[in-house]
Amino acid sequence: MCGIYGFINQKEEKDNWDTILAEMGDVLEHRGPDAVGSWTDPSNQVNLGHRRLSIIDLTDAGAQPMESLGGRYVIIFNGEIYNYEEIRMEIIKNNNISFRGHSDTEVILAGFETWGIIETINKLKGMFAIVLYDTTEKKIYLIRDRIGEKPLYYGEINDSFVFGSELKVFSKYPGFKKEIDREALKLYFQYSYIPSPYSIYKNIYKLDPGSVLVYNLIDGTISKSCYWELNKMETTESDDTIEEDVIEKLNSLLTNSIKKEMLAADVPIGAFLSGGVDSSTVAAIMQNLSSQPINTFSIGFKEDKFNEAEYAKKVANHLGTNHTELYLSSEDAINIIPDMPKYFDEPFADSSQIPTFLVSKLAKQHVTVALSGDGGDELFGGYARYQVMEKFESVISKFPIFTRRKGSHFINYVKNSSLSQVFNVFPSKIVDHTYRGGELLMFDNANERYNYFISSWKSNENLVLNQNNKYSGFIESKKSREFYEKSGFLKWMMYTDTKMYLPDDILVKLDRSSMANSLESRVPLLDYEIVEFAHNLPLKYKVKEKQSKWILKQVMYKYLPKELMDRPKKGFSVPIANWLRGPLKEWADDLLAEEKLIEQGYLDSQVIIKRWEEHKNGSRDWHAQLWSVLMFQSWLKENI
């Protein structure tokens, strides 16, 4: 696990390039504290840098940048390849090749020389962001793993092509202007994260998961292609498949994935354990594969409503793991929140970043690698919103569009008139749900309603000043619409979350939080064979008799007693609403000062101040919207 960075200089001047490369490396030290390396070609055009967190082959034989044995390729690589030993043996069997060390990086290079780039990439099981220089064809390849576990940014600055694991490397390149992209900012406030391929800065982009970008040094052209697309996977399971066979297949896939991820490390390894289905299944299989107690880590809250640590402890006790837990207080949050923009690089408003950061910090005191249970909700229908929206659709489908619109107009009228006082006798949560239902009725299509439902600040609220709504998320893309028409609403919700929410929120949160603490996080549920299996699985195995993640739970019950695990899902959430009215109030007041918002000129200050006052006095709960504003303001203070 590492940090990669570099640039292609198309200018004639050759001064200070080594210094610039070194400065880019310095800002990524947290991603790779063990070693730093650089490589520059004789013409000084191609400059590659690498920060190393040593996981496999701790010797200098695993150092990067690394040249292939034949000398054609030079690579910088961030990630881990879990089947690299199998690939190594395949190469040795068919070619007379001797390896200098036993790193997965060297195996990737040997694969490129043996089979070519795309064929080799298709053999890789793991997480990766790769920059590869082909010295023969004078091309630079940027390659990102299938699901998007590892980040890779790129852009052009003053006729130079610049790339890196995190946005902060661009600030070290001469001439880079930190110009905020207001269209991307609009998407941030809609989703609480910035979806690929956009970034917070103009002209800097994220490489999409499963993609290859090729930069031609000869003519300066850029081309992009997709080497893996979930939507094109052929269905392999049918409704007639024997139930127990399907369960056993998932159990086998999970066991193989977890076993590979446990073996592919020369350092101590552990697991995050929240007590939920996903992390408990991963920890249980890990312990089943281990002859010694594995290390597990969890974060708890003093507020009972948000605390799952007690369940994690029960699971750990049953499995016999070496368990470590930390209870989080509001003071802990206050201490780390100001540092979040340093690690997340661009505005990011998933408040579970706080416990994710702290559990990573806790785990790093004991291990260098930690397995996580992320991905189960998207793959197996775990989010409550899936069933909520499907039920909503089943009800409103019985009414014609005209009636729905009339209902929407009536609820909106009540909301904005004196009649709204009638609702004061009801809890604010019920009022919010009623208003949201009325808003959803405005839309004619189910996918538009879902997009609106998951949005924090709604697309029609125009919170961001001077933007033109030019950008859209994956949900609104042609690929998404085609999948919706082909597969139906429930599968479509899971598919779009796998394509957007998973890589751009969940995996960003995990990568930045763990790497900020120089900890490597691994996600065994996102082995591409498991992802393809889940994608092709009939819905009846995902949601059955109103029970979400049905098949994953059947696997879990092989290792954990049902009575220990059957309980309502809490999720990895934090009590932000209460904290903003209490210990975080002064911090928020400062960042949301009206004169500050007006001077900055990015956001509509009147809307924000109104919602902040309503939240403080308890008349409405606007914590999600306000948190996104606060995270932007905090990021702005740190970076601009």
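Predicted model: local features only at pLDDT ≥ 70, side-chain atom pairs only at ≥ 80, totals over all residues.
Local features need pLDDT of at least 70 and side-chain atom pairs count only at pLDDT 80 or more, while totals for chains, interfaces and linings use all residues. Numbering starts from 1 along each chain as its sequence is written, and side-chain values use heavy atoms, with hydrogens and water left out.

**View 1. The six-stranded open sheet, ordered β4-β5-β6-β7-β11-β12 with antiparallel pairing.** Strands here are DSSP runs of E, at least two residues, and helices are runs of H or I, at least four, numbered from the N terminus. The edges are β4 (66–67) and β12 (222–226), each pairing on one side only; pairing takes at least two DSSP bridges between two strands. Over at β11 (residues 211–216), five bridges link to antiparallel β12. Here serine 211 sits opposite cysteine 226 of β12.

**View 2. Alanine 110 in helix α3 (residues 104–115).** This alanine 110 has 9% relative accessibility, so it counts as buried (buried is under 20% relative accessible area, exposed over 50%, partly exposed in between, with a 1.4 Å probe and protein chains only). Leaving aside residues up to four places away in sequence, alanine 110 touches Ile91 and Phe99, contact being heavy atoms within 4.5 Å. Isoleucine 194 is 84 residues away along the chain, with 36 Å between the two C-alpha atoms.

**View 3. Helix α7 (residues 277–289), 13 residues long.** From first C-alpha to last, α7 reaches 18 Å, close to the 18 Å expected at 1.5 Å a residue; the expected span is 1.5 Å times one less than the number of residues. Of its 13 residues, 11 are buried, so α7 is largely enclosed by the rest of the structure. Among them are Val277, Asp278, Ile285 and Met286.
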